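Please examine the model below and work through the exercises that accompany it. Each task is followed by a solution in steps.

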Amino acid sequence: MSILKKAKKAYNSIEIPQELDYVVNKAIHKNNLHQKSKLKIWIKGATATLATTFALFVILLNTNETFAKAMEDVPVIGSIAEVFTVREYKEENDTDLIEAKIPAIKNTGNEELEDRINYEISSKINEVLEEAKQRAEEYKEAVLATGGTMEDYIPTQINIDYKITYQDDNIISFVITKSESAASAYQEQYFYNIDIENGKELNLRDVLGEDYKEIVDEEVKKQIKERMEENKDNSYFTEGEGGFSGIEDEYQDFYINENKKVTVVFQKYEIAPGYMGIQNFEIQNNILV
Amino acid sequence: MAYVAQEVLIEYIKENQEKLYRIAYTYTKNQEAALDVVQEAITKSLENIHKLRNEEYVKTWFYRILINEAIKESKNNKSFIEFELAENEIHHNNHENELVENLDIYENIQKLNKKLKTVILLRFFENLKIEEIAYITKTNTNTVKSRLYKGIEEIKKNMERRSL
């Protein structure tokens with residue numbers, strides 16, 4: 001073997017530090033945030049978060065390998081795109097009990113898409129966990145500050161899990177749910193509808209066409225009325241109380257259900273009192289099918 | 001246009017991050033400093049991406065920034081490097097195997113002056129073309145060739161001196 005080949009071998013075996021992935025992503029997003037970039041559309045919802053959330057905790061979550069490496073470790077089953085658990089995370093201490101299952105997509109045949117979505121998911125979850133932990137910490141401090149002892153404090157349970165709602169060769173739709181049990185119950189959902197063929201995230205305009213707003217608004221209003229007639233206990237905020245008056249734009253939360261129907265979602269408290277929980281509306285007039 | 005170039009750049013960086021780290025490390029010989037270099041190079045490149053006319057040159061253009069940053073950093077870090085190297089050498093003398101020999105040669109390359117090191121690194125480790133190296137180092141192909149030749153000679157000389 002020539003000298004240079006030997007040297008190259010050594011060169012290629014230079015150990016890559018775990019932090020590299022983090023350093024690179026941070027540098028990219030720090031410099032990319034204030035610029036109007038196409039990426040912003042992809043990273044809808046995550047934009048505001050990227051700048052602020054990379055605390056120590058993020059590194060904890062990504063302890064062992066880079067995201068990409070972890071994905072390599074999962075055996076490939078067939079060539080069909082799929083959502084899988086890329087990492088499970090557990091933490092138990094005085095303040096909180098965390099159980100998180102972090103999904104990622106693979107085998108889409110579009111690595112750039114996978115990287116983007118998977119990175120968005122992992123940073124979103126990091127952010128969500130960080131916030132939940134902070135709330136737990138604040139709650140604990142409040143208990144202690146008001147004369148309580150550690151016995152009075154029940155650690156906050158934080159769960160993150162995901163569910164695939166629809167999948168075929170072209171579309172994957174899944175939802176990540178975070179729930180938090182503390183003084184009051186918190187539940188939030190994050191939706192991912194991915195058009196594999198075109199390598200993009202779908203919005204309502206993509207799946208319902210130009211008239212998406214009229215279609216959704218009409219359907220939601222109709223179903224709210226039906227639900228209130230069906231059961232007297234069901235109630236929704238009136239428009240004056242900040243209730244439903246029409247969706248804002250095509251980025252309204254939705255998923256695609258097992259019947260391949262677009263289902264629009266409103267978070268708890270968004271259009272109805274808390275006891276009504278998260279509200280789903282299956283849209284009947286569906287051009288997706 | 002800037003849009004496209006920026007996306008190409010980000011994609012390039014993400015796909016090649018390990019490579020970029022290794023290049024940086026070859027100059028800094030220190031993990032933390034190499035990470036700093038990579039971070040600095042990404043920041044600089046994104047800030048200046050609008051100056052790049054043709055996104056075909058993203059790779060070579062980024063190499064240039066990275067290597068400039070690496071050289072800058074290695075100047076700042078001189079005393080630390082020498083200490084590190086000394087420690088490595090003691091360690092290696094105790095273990096005679098292939099890996100150590102490879103590392104030895106690699107370290108010889110690390111010790112070359114920055115001009116010779118850059119051409120050897122880009123040509124043999126990164127498999128770049130002479131023309132690309134000329135662009136990165138802001139020289140011409142003849143200079144690159146003569147530096148390559150000189151670099152190899154120097155490594156050989158150092159290796160012989162050792163085995164004596």
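Predicted model: local features only at pLDDT ≥ 70, side-chain atom pairs only at ≥ 80, totals over all residues.

**Exercise 1.** Determine which residues of H9(A) are buried and which are exposed, and how they are placed about the helix.

*Solution.* Begin with the extent of the helix: H9 of chain A runs over residues 212–230, 19 residues in length, and spans 27 Å from its first C-alpha to its last, close to the 27 Å expected at 1.5 Å a residue. Next, take the buried positions, which are Tyr212(A), Ile215(A), Val216(A), Val220(A) and Ile224(A). These residues lie on the same side of H9(A) because they cover an arc of only 150° around the axis. The other side carries the exposed residues Glu214(A), Lys222(A), Lys225(A), Glu226(A) and Glu229(A). Finally, identify the packing partners of the buried residues: helix H8 (204–208), strand S8 (262–266) and strand S9 (279–282) of chain A.

**Exercise 2.** Describe the side of chain B that touches chain A, by element and by residue class.

*Solution.* First, count the contacts: 31 residues of chain B meet 23 residues of chain A. By class, the chain B side comprises 17 nonpolar, six polar and eight charged residues.

**Exercise 3.** Locate the largest nonpolar core and its most connected residues.

*Solution.* This core has 50 residues, and Ala24(B), Ala34(B), Val38(B), Ile42(B) and Leu66(B) have the most contacts inside it. Helix H3 of chain B (residues 31–48) is its greatest contributor, with eight residues. A separate second core, of 46 residues, includes Leu113(A), Val216(A), Tyr255(A) and Ile283(A).

Notes: Residues numbered from 1 in each chain as written. Chains lettered and ligands numbered in written order. Core = buried A, V, L, I, M, F, W, Y, C linked by C-beta atoms within 7 Å. Buried ≥ 20, exposed ≤ 12 C-beta atoms within 10 Å, placed from the backbone. Helix = DSSP H or I, 4+ residues; strand = E, 2+ residues; numbered from the N terminus. Contact = placed C-beta atoms within 7 Å. Nonpolar A, V, L, I, M, F, W, Y, C, P; charged D, E, K, R; others polar. Expected span 1.5 Å × (residues − 1). Arc of directions from axis to C-beta.
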